[in-house]
Amino acid sequence: MFESSNGNFDIKKEHINGNGEYVITAGLSNNGILGKTDIKAKIFEPKTITIDMFGCAFYRQFQYKMVTHARVFSLKPSFEITDKQGMFLSCSLNFLRFLFGYENMCSWEKIKNHKIKLPITASGEIDFDFMESFIAELEAERVRELEAYLKASGLSDTTLSPDEKSALNTWNSRIWQEFKFKDIFNNIKQGRRVKKDDQIDGDIPFIMSGITNTGFVKNISNPIEIYPKNSITIDIFGNTFYRNYVYGAGDDTGIYWNDMKDYSKLVMLFFTTSMAKSVYGKFDFGKKLRSSQSLDFTMKLPITASGEIDFDFMENFIKAIQKLIIKDLVIWSQKKIEATKQVVGL
């Protein structure tokens, strides 16, 4: 069904400059997209599928380049496909993620004789029409769920208030100042290790390192320290997330909160983004972040004319961004529904 090929140049982080083609690497983060580069390297066709060393498969509807150090390879179908059919095929390869890992890395030689299940017609041919309509209907269902959620949560109002408009129009001219993490949070702690084999099923959300499910692993009942909602976690790689629920955390995760100041959710979301920016690209397997190292790390925050943190601006800015994103989602959902109606013949 596929022809496999590999990259021809070891593209690294320092080659990423925002120009040229997307670069594909291993991992689930941003669907394996590292960034863009115009450095000379083999360019792969759109309507192909990439598979990395962990067995993560993604359909690519755009042309791209690939790193060589992460054992990513490209599969070109031996027949013409549409984007929806490509997504169906890549989903059919998801089982590979359960077969491969660091100790057993995926490669074309290891999987080329594997079989995947696909729908067929009465005559025994691959049923591409069913694949097309099935993905279209799934997309439409997701859109309907999104619209229902926005309506139920009161997020359907996308009209910007005067203060929100002002926040958007003036953010670039605001005065910004650096604040130490320890001056914002009076609690900065590191979680405690609970090995996967020792985790007992329960109702306490347990957080570990990684971006999959924002680091949530499972609900456990082990006797562990419970951290409060309205807090922020940063793992050993610098992945930063806001938590609006109580939880436990492993020793690969730092926790940040202030029980003396009532920071709003919107302010905490602003903190989260600023903190993420301050640690971005500085930590990895070779240099892991611990919360005790971050006390004097700084984040940039807007201030008022009197030099105080401008909480009102932060809240209005986050509200404005949320409304703009929701507005785009509503427009996108309406277009998706109309396109789906055409595909499934409604």
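Select K47. This residue is partly exposed, with a relative accessible area of 34%. Partly exposed lies between two cut-offs: buried is under 20% relative accessible area and exposed is over 50% (1.4 Å probe, protein chains only). K47 sits in the loop between β3 (33-37) and β4. Strands here are DSSP runs (E, at least two residues), helices are DSSP runs too (H or I, at least four), and both are numbered from the N terminus.

Before moving on, know what is on screen. This is a predicted model, where local features need pLDDT of at least 70, side-chain atom pairs count only at pLDDT 80 or more, and totals for chains, interfaces and linings use all residues. Residues are numbered from 1 along each chain as its sequence is written, and side-chain values use heavy atoms, with hydrogens and water left out.

**Stop 1: confidence**

Colour by pLDDT, the predictor's confidence in each residue, from 0 to 100. The chain has a mean pLDDT of 90, and 94% of its residues reach 70 or more.

**Stop 2**

Go back to K47. Its phi is near 60°, a positive value in a residue other than glycine. Most residues other than glycine have a negative phi.

Now select T214. Its phi is about 50°, also positive, and T214 is not a glycine. Look for T214 in the loop between β10 (201-207) and β11 (216-220). Is T214 buried, partly exposed or exposed? T214 counts as partly exposed, at 33% relative accessibility.

**Stop 3: T25**

Select T25, in the loop between β2 (21-24) and β3. At 17% relative accessibility, T25 counts as buried. Which residues does T25 contact, leaving aside neighbours within four places in sequence? They are G32, L34, V67, A70 and V72. Contact means heavy atoms within 4.5 Å. Draw a C-alpha to C-alpha distance from T25 to V72: it reads 6.4 Å, although the two are 47 residues apart in sequence.

**Stop 4: a sheet and its helix**

Show β1, β7, β4 and β5. These four strands form an open sheet in the order β1-β7-β4-β5, with antiparallel pairing. Two strands pair if DSSP finds at least two bridges between them. The edges are β1 (2-6) and β5 (57-60), each pairing on one side only. From one strand to the next, the twist averages 30°.

Zoom in on β1 and β7 (residues 73-77). Five bridges join these antiparallel strands. N6 has F73 of β7 as its bridge partner.

Seven of the 10 residues of α1 (residues 83-92) are buried, so the helix is largely enclosed by the rest of the structure. Select the buried set: K84, Q85, G86, F88, L89, S90 and S92.

**Stop 5: another sheet**

Show β9, β15, β12 and β13. They form an open, antiparallel sheet of four strands in the order β9-β15-β12-β13. The edge strands, each pairing on one side only, are β9 (187-190) and β13 (240-243). Here the twist averages 20° from one strand to the next. Four bridges pair β9 with β15 (residues 253-257) in the antiparallel sense. Pick I188 and its bridge partner Y256 in β15.

**Stop 6: helix α6**

Select residues 265-279. This is α6, and it lies across β12, β13 and β15, running at about 165° to β13. Its buried residues include L266, V267, F270, F271 and M275. Just after α6, find G281, with a positive phi of about 75°.

**Stop 7: the cores**

A nonpolar core is a set of buried Ala, Val, Leu, Ile, Met, Phe, Trp, Tyr and Cys residues joined through side-chain atoms within 4.5 Å. In soluble globular proteins, nonpolar side chains tend to be buried together.

The largest core here has 27 residues; I184, F185, I232, F271, M275, M299 and L301 touch the most other members. Elements giving two or more residues are α5 (181-184), β12 (231-235), α6, β16 (298-302) and α7 (311-344). The most come from α6, with seven residues. Finish with a second, separate core of 18 residues, which includes I51, Y59, F73 and F88.

Terms used. Axes are lines fitted to C-alpha atoms, for helices over the stretch in contact, and angles run from 0 to 180 degrees between N-to-C directions.
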